[in-house]
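Welcome to this short tour. Please open your viewer and get ready to select residues as we go.

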Amino acid sequence: MTATFYDRLAPYYHLLYGDWEVAITRQGDALSDLLAAQGIAPGAPILDAACGIGTQAIGLARHGYRLTASDISPGAVARLRDELARRDLRACVRVDDLRTLRSVESESMAAVLACDNSLPHLLSDAELLQALRTCHRCLCASGVAIFSVRDYASIARVNPDVRPYGMRHAAGSRFLAVQVWEWDGDQYDLRVYLTTESPTGICTTQVLTSRYYAVSIARLLALLSEAGFVDAQRRDDVLFQPVLLARR
Ligand SMILES: C[S@@+](CC[C@H](N)C(=O)[O-])C[C@H]1O[C@@H](n2cnc3c(N)ncnc32)[C@H](O)[C@@H]1O
């Protein structure tokens with residue numbers, strides 16, 4: 001379900017941002033500063049394990065990190081390859097599952113990242129713990145894990161919760177994306193309505209569906225400890241959403 005959702009979203013994903021290029025630069029700069037503050041300098045091997053089309057990965061490659069980027073969505077991975085090639089940037093890009101990371105050698109990475117609320121696509125504590133243990137396995141001694149997530153504890157559970165991304169203009173067409181959340185206990189179904197209006201006013205709408213587990217940050221911090229991480233902390237001064245930082 002998750003892979004299909006992001007495969008279908010991949011051609012449009014940049015339109016969810018007011019200006020995707022600005023987001024790439026801002027997030028790449030912020031994460032590169034955070035890595036440098038942890039003693040991880042450009043040239044170090046890092047893994048973006050939920051890279052999508054590359055909002056963080058492109059900026060980090062530009063900063064000179066030795067980047068491996070993986071994602072469960074083949075469509076997102078294919079688009080990231082194109083985006084890197086267009087910018088003449090190098091990275092090892094492939095399909096892989098954050099829960100197992102079968103293509104990553106143990107203790108090979110100075111940092112593992114999964115940003116913009118990727119972890120809550122894993123729908124139980126058991127799946128989250130499996131993913132965190134896997135990230136721990138991939139890190140070298142003193143390597144760091146960096147996850148950015150929504151703060152679900154601060155979000156009122158309204159049913160349905162309708163959240164517009166905004167109107168964009170692309171290739172002579174207007175583009176409108178709206179999220180609808182429908183709660184079901186601690187999980188919710190996410191529908192993204194993507195409407196494209198042609199210059200002659202013809203509209204086409206696609207509806208893409210995924211599901212999230214609204215795991216709290218307190219629970220994620222506890223799971224990080226259970227997975228073997230130390231010094232797990234929440235940082236609100238790095239990205240547009242809370243960042244969890246932990247050391248192997
Ligand atoms: C909101 S997107 C963020 C993508 C990217 N970090 C960005 O900001 O452009 C969440 C990403 O998590 C990926 N994802 C979800 N479950 C995954 C899993 N089990 N393994 C690897 N990637 C996964 C999705 O395919 C999607 O690309």
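Start by selecting Gln 56, in the loop between strand E1 (45–48) and helix H3 (57–62). Helices (H or I, at least four residues) and strands (E, at least two) are DSSP runs, numbered from the N terminus. This is a predicted model, where local features need pLDDT of at least 70 and side-chain atom pairs count only at pLDDT 80 or more, while totals for chains, interfaces and linings use all residues. Residues are numbered from 1 along each chain as its sequence is written, and side-chain values use heavy atoms, with hydrogens and water left out.

Is Gln 56 buried or exposed? Gln 56 is buried, with a relative accessible area of 3%; buried means under 20% and exposed over 50%, with partly exposed in between (1.4 Å probe, protein chains only).

Next, show what surrounds Gln 56. Leaving aside residues up to four places away in sequence, Gln 56 touches Gln 27, Leu 31, Asp 48, Cys 115 and Asp 116 (contact means heavy atoms within 4.5 Å). Zoom in on Gln 27: its side chain makes a polar contact with the side chain of Gln 56, at 2.7 Å. A polar contact is a pair of N or O atoms within 3.5 Å; within protein, one must be able to donate a hydrogen and the other to accept it, and residues adjacent in sequence count only if both atoms are side-chain atoms.

Now move to helix H6 (residues 217–226), whose buried residues are Ile 217, Leu 220, Leu 223 and Leu 224. Among the elements covering these buried residues are helix H5 (125–138) and strand E5 (139–148). Finish at Gly 228, which follows H6 and has a positive phi, near 105 degrees.
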